[in-house]
Amino acid sequence: MFENILIKMAFKNIFRRLSRTILTATMISVSLISLMIMAGLYEGMIVQMVDATTKSDSGEVLIQAKDFRETEQIKYSIKDSKPIEEIIKNDPRVESYVTKIRAQGLIATAGYAKNVEIIGVDLEKDVKQSKLDNYIMSGELTFGKHDRGVIIGQTLAKDLKISVGKKVIITTQDINNEVVSIALKVQAITNSTGLAKSLLMSKTKLQKTLGLGNSISQICIIMKNRADSTTFANELKLQDLKDLVVYDWTELYSMLKEMEVMMTTINIISYAFVFLVASLGIFGVVLVSVLERIREFGIMMAIGTRFRDIAKMIIFESLIISTIGYIAGAIIGALALLYLSAYGIDFSAFDDAFLMFGMDPHMKAIIRPAFFTDTLIAIYIATILAVLLPIRSLKKRKPVESIKEL
Amino acid sequence: MGFLSIKNVVKTFNTSADIEVKALKGISLEIEKEEFVVISGPSGSGKSTLLNIIGGLDGATEGSVILEEDNVNLLNEKELSIFRRDHIGFIFQAYNLIPVLNVKENIEYIMKLQGFSQKDCDARVAELSRELDISELLDKLPDHISGGQQQRVAVARAVASKPKLILADEPTANLDSVNSEKLMELMRKLNEEEKVTIIFSSHDPAVIQKAKRSIVIRDGQVTKDTINN
């Protein structure tokens with residue numbers, strides 16, 4: 001029953017100094033909004049980078065013939081992929097998989113020539129896995145009549161100064177080390193970061209050109225849950241796959257993994273920084289609020305209120321203000337994240353710099369429940385830490401000293 | 001041993017310049033139940049210090065203050081809170097009502113601290129507000145009523161939970177003569193009708209003469225202890 005009076009007093013105190021309450025709540029919500037946007041964009045950037053690389057290129061689990069990765073020679077190919085495809089197909093953790101041919105070669109126009117990675121794919125299947133249709137800058141997503149078309153990455157298109165409809169000559173070596181050339185028409189230019197310096201062409205046409213028969217270079221697997229990729233890769237490694245090698249994406253792109261760790265570290269530092277700013281803000285406001293009410297607390301103690309109850313009231317007041325700040329911040333932060341996850345921020349003006357690091361210049365945020373739960377815990381901890389010192393300074397005073405305070 | 005036994009109480013304050021100031025120099029007093037006592041003396045004589053020590057708001061440097069069985073000087077912080085809550089009613093010179101609570105909530109505050117039901121609180125508030133003529137003020141905040149009214153509310157708060165002892169530190173100092181007179185009448189009535197022991201301090205001769213017993217303190221020592229007729 002007495003607790004009811006304390007709660008009532010806490011609420012009345014909050015409204016007694018409304019402008020200060022609003023200021024503190026605003027400070028907390030602004031910290032929270034910036035933290036959520038920062039975390040959402042950081043994580044979104046990482047997810048985009050990993051997605052772009054794994055989905056358009058190797059998958060989250062990659063199977064290749066032994067020595068292909070080191071030599072990149074087409075003679076190290078998977079001759080019969082059926083048995084391993086059966087295993088993959090029947091695993092419920094697998095979302096999808098595609099088979100690809102990879103070869104090194106030269107792409108030339110009338111004026112320019114460039115080294116290129118030639119990737120042969122079954123376009124229909126590949127689009128389902130890579131969502132390449134979302135990354136077409138110009139042209140149509142097709143290999144054209146009789147598979148005589150090619151899709152090229154935007155960096156490559158820039159370097160060659162070509163556009164859709166132009167002809168290019170692809171030169172490479174076949175399985176017998178003979179030089180072979182084919183003329184293809186540019187059907188589309190993609191801005192997928194994983195394909196910036198590559199070209200995509202028909203898998204069957206490439207198999208025919210290289211004399212590979214039904215052999216493939218790699219099987220690229222996407223899991224329903226990325227977290228399963230390492231376990232699944234390890235399970236495949238334990239099977240008798242003869243001349244095949246299995247990699248999960250963290251082995252293939254250690255830099256991406258390191259970036260993920262780096263971003264997590266940056267996130268932690270950002271959390272710590274915002275946590276500190278919020279704590280200092282709350283501390284300042286609570287300290288002033290306690291100091292200017294010392295006399296009131298002295299009266300309460302003089303007439304028999306235990307210090308513990310006064311401390312509870314101060315903490316409760318601060319937690320209410322923090323909660324108001326949190327709710328406002330969480331709502332605005334969630335709306336901002338929803339907007340940023342739908343529309344993102346366009347950094348196309350810095351295309352080259354972003355592509356150099358394999359990053360999508362159209363940065364989109366993601367939303368995780370942890371953004372809300374972690375920040376709530378952080379704000380409550382910051383609030384309690386911030387009120388401890390003012391409460392301690394109050395505790396040191398005798399009621400008689402507090403009552404004399406003007 | 002009487003109701004309140006004060007033995008050789010010494011209180012020393014240390015100033016910021018590390019100088020010791022003796023506010024009370026070995027005060028001994030025996031006060032019986034239902035007494036109506038005034039402690040008078042010039043400013044700085046030690047009246048408030050003595051009242052603060054009796055009420056457990058401050059500790060004595062030496063000596064003992066025993067209210068019935070409780071040796072106030074030996075109680076820890078938690079026990080002192082309970083002691084003040086259950087046994088003492090305070091009336092301060094500056095009224096010291098809780099600003100965010102209305103008059104009714106201020107009066108019933110200590111009763112709620114003690115765990116009285118809302119029904120009991122309501123009955124007691126109604127009784128006291130009638131007696132003290134503050135029924136019309138119950139919904140008002142302390143800032144919205146006059147000084148004399150605030151002091152009557154402070155008296156109601158002090159007596160609401162029927163404490164053993166009421167300590168009033170210069171309760172009339174901020175009041176005009178009419179309100180001072182009224183307050184003294186009220187305190188005397190409470191002493192006689194509710195049988196509450198009251199000790200108050202004052203240096204106003206008109207107020208001092210209302211008490212039944214008058215103790216004069218000068219330079220931290222009792223110089224006179226008389227029964228008024």
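In the predicted model, strand β1 of chain B spans residues 4-14. Strand β1(B) runs antiparallel to β2(B), and 9 bridges join the two. Within this pairing, B:Val10 stands opposite B:Lys25 of β2(B). Both strands belong to an open sheet of 4 strands in chain B. The strand order is β2-β1-β4-β5, and the pairing is antiparallel. Strands β2 (20-31) and β5 (70-71) of chain B stand at the edges. Each has a single partner strand, so one side of each is left without a neighbour in the sheet. Helix α1 of chain B, residues 47-54, packs on this sheet. The helix touches β1, β2 and β4 (62-67) of chain B. Its direction makes about 120° with that of β1(B).

A parallel pairing also occurs in chain B. Strand β6 (residues 88-91) pairs with strand β7 (residues 165-169) in the parallel sense, over 4 bridges. Here B:Gly89 stands opposite B:Ile166 of β7(B). Strand β6(B) is covered on both faces. B:Ile88 and B:Phe90 are buried on one side, and B:Gly89 and B:Ile91 are buried on the other.

B:Ile199 illustrates the packing. Leaving out residues up to four places away in sequence, B:Ile199 touches B:Ile31, B:Val37, B:Ile39, B:Leu51, B:Ile54, B:Leu165 and B:Leu167. In soluble globular proteins, nonpolar side chains tend to be buried together.

The contact between the chains was examined next. On chain B, 20 residues are in contact with 21 residues of chain A. Two elements of chain B give two or more residues to this side: α2 (77-87) and α3 (103-113). By class, the side of chain B that touches chain A has 9 nonpolar, 7 charged and 4 polar residues.

Confidence values accompany the prediction. Chain B averages a pLDDT of 90. In that chain, 98% of the residues score at least 70. For the complex, the predictor gives an ipTM of 0.89 and a pTM of 0.73. Where pLDDT is low, the predicted coordinates should not be read in detail.

How values were computed. Residues are numbered from 1 along each chain as its sequence is written. Chains are lettered from A and ligands numbered from 1 in the order in which they are written. This is a predicted model: local features need pLDDT of at least 70, side-chain atom pairs count only at pLDDT 80 or more; totals for chains, interfaces and linings use all residues. pLDDT is the predictor's confidence in each residue, from 0 to 100. Two strands pair if DSSP finds at least two bridges between them. Two residues are in contact if their C-beta atoms, placed from the backbone, lie within 7 Å. Axes are lines fitted to C-alpha atoms, for helices over the stretch in contact, and angles run from 0 to 180 degrees between N-to-C directions. Ala, Val, Leu, Ile, Met, Phe, Trp, Tyr, Cys and Pro count as nonpolar, Asp, Glu, Lys and Arg as charged, and the others, Gly among them, as polar. A residue is buried if 20 or more other C-beta atoms lie within 10 Å of its own, exposed if 12 or fewer, and partly exposed in between; C-beta atoms are placed from the backbone.
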